[in-house]
Amino acid sequence: MADGTRAPLLEVEGLKMYFPITAGVFRKKVGDVKAVDDVSFTIYEGETLGLVGESGCGKSTCGRAILRLYEPTAGRVVLGGEDVLAAPASELRAMRPRMQMVFQDPQASLNPRMTVASIIGEPLDEHTTLSRAQKLARIYELMDKVGLNRDFANRYPHEFSGGQRQRIGIARALALNPKFIVCDEPIAALDVSIQAQVVNLLEELQDSLGLTYLFISHDLSMVRHIADRVAVMYLGRIVELASRDVLYDAPRHPYTQALLSAVPEPDPNAETARQRIILKGDVPSPANPPKGCNFCTRCPKVMPVCRELEPAFTEVAPGHFLACHLIQEAAVGAANSGANPGR
Amino acid sequence: MPRKTVQKQKTGGLMRDRAQPVLEVTNLKTIFRTRGGEVHAVNSVSFDLKPGELLGVVGESGSGKSVTMMSLIGLLPSPPAEVREGRVMFDGLDLLKCTPAQLRAVRGPGVGFIFQDPMTSLNPVFTVGYQLREPLIKHMGMTKAQAQVRAKELLDLVGIPDAAQRLRDYPHQFSGGMRQRVMIAIALACDPKVLIADEPTTALDVTIQAQILELVKDLRQKLGMAIVWITHDLGVIAGIADRVMVMYGGQIAEQGPVKEVFARPRHPYTRALLQTVPSVRGERADKLNVIEGQPPILRAAPTACPFRDRCTTRFETCDRANPARSPVGPGHDAACFWDFDASAPRTDALIKEAAHG
């Protein structure tokens, strides 16, 4: 939970990740895809921050940029007191054991020509000087931890089911005792009955090893289950960030409200009675975002100011951050001050 | 379609129960011949579809839900697929015995199909207009000009703005949600009696999924065709279906009116599935319920309950025999030997089993 007693483990400030658009024979730069545009948040030690949003909103890019799997355009990422983005390559390599990643597609992220033991043991080869026997002991320990049978150590990834493959990926991420793991849609490729197994495993590991997760997902119901705090992204920006219960019970950003209302409920009685907020149209291209608020083209409560000014990402209640003119205007009106909201 | 012919008396229930089904599937069996041996993907599946009804089909990947529907209208490549047994009655015709030409006449005006992934099922080198006109010209005998007018109407119907203009665009110029709307428009082009939608919203985002679900509800009221909706999302089923069919291991585990099945699930798999899925509203559980184990690989026709390895109410009979579907309520049946009301084995099913053996 976001109580003040816990120390922040990861601080992200003004993170920007632009991908250049080039044209012509000389590959002249003609624009940017603003995949992540000025994102700031903090993750406290031992908590799970859920990062949700629709496909293409930049949530995966954000996770990768934090681990510097991409070179971010601007911003600052501090993990446990060390600046990840400013570190030279050699220092970055030394930092890698502390930050790991579980990838979305267990099929694509495991080398089909390596055995399970060599996949899980590869980080140990790279970052430790353990003997063969010690390595094997560690591999077996990791396999036990994620619920894989030790006898399968010499099998290849294709011999496993999707859920088991994801367990291999998790064991590999755990090999070096990391503090922080980015889980990039770890359950998206799995069946419903298998998803719960993997989510429970991630929670058990968090409790026993004191891990901190950035849990990226488009599945709002799973995020509600696993996350302590939740950030909602839209078109490269975080629009709302709050503790789980606040965000799900009383969402304040119109996009969060629409997103939550769009999730179907597995209950026919509730479902027929429920009034959905249906958003019009599609997400605009991040290469050409609208002027003002990014959500202004689809927002059901759009105001003239939304098409002009970009709303600032401000704390509207303790621990509740929001980027919306509607709430900021209301707050300003309530305070009865003529101050200019936002920037 | 004769709607008010024979009054088929079934145990009480819905008004629709009395109408003659538009589609009647009996004992369908589909296998795949692979290098590793035969895979029994669909095992003795029987169901029917009433006019105007929306039947939801739920199941995990590999449970045979898509294969069942594709076998119906001969969409599976053969080999490796082979429909071993069964009867599929549609419009007085057994679709499994039809010639390719007869089948071609059924696909489109009889049965429309919406595929899961609109990117791979639309042809990238033809305009959307061309792909919409094709069934209209082939099946409905329209001229190109007539087809053009109808194509525009169809795009309007599925809510694509600026339809006349968009007919000239190629699939890659549409977003995911818009492409799925195009797929729906193509499936609707010949005014089918039955529409089969194979995970039409799985590849889409939730806000776009909500748009498509609203569209389908709306189209159902306007056009009144029967729909089979395949999905793995119980929430989607809860919102749109009249009746739900839960599939597991190539068989129907449970079938019944949607409210009844969600309120009183009578198969352990359905029960577990409903408990596994977390919700965005209401109480939040501290720990997710899980279904331990893996779905079965169907190397042979099942001789025992396919769910027994993951079942919490398993007992000796489950290892010996494959439970048949037996009624557990009005229009509601389940393939299980366990009686959840009495917390004991079902006596009727056991007796039937003993008589068999």
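Author: What follows sets values from the model against the definitions behind them.

Author: This is a predicted model, where local features need pLDDT of at least 70, side-chain atom pairs count only at pLDDT 80 or more, and totals for chains, interfaces and linings use all residues. Residues are numbered from 1 along each chain as its sequence is written, while chains are lettered from A and ligands numbered from 1 in the order in which they are written.

Reader: What pLDDT does chain B average?

Author: pLDDT is the predictor's confidence in each residue, from 0 to 100. Chain B averages 85, and 92% of its residues score at least 70. Chain A has a mean of 88, with 94% of its residues at 70 or more. Over residues 336-343 of chain A the value is below 50. In chain B, residues 1-17 stay under 50. For the complex, the predictor gives an ipTM of 0.80 and a pTM of 0.84.

Reader: What makes strands E1 and E2 of chain A a pair?

Author: Strands (E, at least two residues) and helices (H or I, at least four) are DSSP runs, numbered from the N terminus. Two strands pair if DSSP finds at least two bridges between them. E1 (residues 8-23) and E2 (residues 28-44) of chain A are joined by 12 bridges, so they meet the definition of a pair. They run antiparallel. Met17(A) stands opposite Val36(A) in E2(A). The two strands form a hairpin with 4 residues between them. In the turn, Gly24(A) has a positive phi of about 80°.

Reader: Which sense does the pairing of E1(A) with strand E4 of chain A take?

Author: Antiparallel, over 5 bridges. E4(A) covers residues 74-79, and Val77(A) there is the bridge partner of Val12(A).

Reader: How do you know what Lys28(A) is in contact with?

Author: Two residues are in contact if their C-beta atoms, placed from the backbone, lie within 7 Å. Leaving aside neighbours within four places in sequence, Lys28(A) is in contact with Thr22(A) and Ala23(A).

Reader: Why is helix H11 of chain B called largely enclosed?

Author: 7 of the 9 residues of H11(B), residues 268-276, are buried, so the rest of the structure largely encloses this helix. Among the buried ones are Tyr269(B), Arg271(B) and Leu273(B). Their cover includes helix H6 (192-209) of chain A and helix H9 (234-240) of chain B.

Reader: How many residues does each chain give to the contact between them?

Author: Chain B gives 36 and chain A gives 33. H8 (206-223), H9, H10 and H11 of chain B each supply at least two residues of the side touching chain A. H8(B) gives the most, with 6 residues.

Reader: What makes up the largest nonpolar core?

Author: A nonpolar core is a set of buried Ala, Val, Leu, Ile, Met, Phe, Trp, Tyr and Cys residues joined through C-beta atoms within 7 Å. The largest one has 190 residues. Those touching the most other members include Ala171(A), Phe215(A) and Trp229(B). Helix H7 (residues 176-188) of chain B brings the largest share, 8 residues.

Technical notes
Buried ≥ 20, exposed ≤ 12 C-beta atoms within 10 Å, placed from the backbone.
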